[in-house]
Amino acid sequence: MGQYSLGFAKALADTAERSVDEQRLNTVDERQAVLYISLLATEIALKAMLEQAGKPVNEIRNRSHDLAALLRDIGECY
């Protein structure tokens, strides 16, 4: 089993989507939480794809939360 999971990324994205669909975004804090969960889902999905493409986990982890760098890495894999 890998370090990063597309299933977990999907669960995060689904959670954010349900919050938006149910219009439970009454405060700035609630909107910020949904945005954070969405960005985290994106990050985990990118990291899972990189891992499946064979990139070493320690290199993926070193990217931390840098989505732009993760996207560049994806571009180099495909």
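The model is predicted. The protein contains 4 helices and 0 strands, and from the N terminus on its elements follow the order α-α-α-α.

**Overall dimensions and packing**
- Of the 78 residues in the protein, 27% are buried.
- Among contacts between residues at least 6 apart in sequence, 61% link residues at least 24 apart.

**Surface and charge**

**Helix 2**
- Helix 2 comprises residues 28-52, and its end C-alpha atoms are 36 Å apart.
- This separation agrees with expectation, because 25 residues at 1.5 Å a residue should span 36 Å.
- Buried residues of helix 2 include Val-34, Ala-41, Ile-44, Ala-45, Leu-46, Ala-48 and Leu-50.
- The charged residues Glu-43, Lys-47 and Glu-51 of helix 2 are also buried.
- An α-helix has 3.6 residues a turn, so residues three or four places apart point the same way.
- The cover over the buried residues of helix 2 includes helix 1 (6-21), helix 3 (57-62) and helix 4 (67-77).
- After helix 2 comes Gly-54, which has a positive phi near 100°.

Key
Residues numbered from 1 in each chain as written. Predicted model: local features only at pLDDT ≥ 70, side-chain atom pairs only at ≥ 80, totals over all residues. Heavy atoms only, no water. Helix = DSSP H or I, 4+ residues; strand = E, 2+ residues; numbered from the N terminus. Buried < 20%, exposed > 50% of the residue type's maximum accessible area, 1.4 Å probe, protein only. Contact = heavy atoms within 4.5 Å. Expected span 1.5 Å × (residues − 1).
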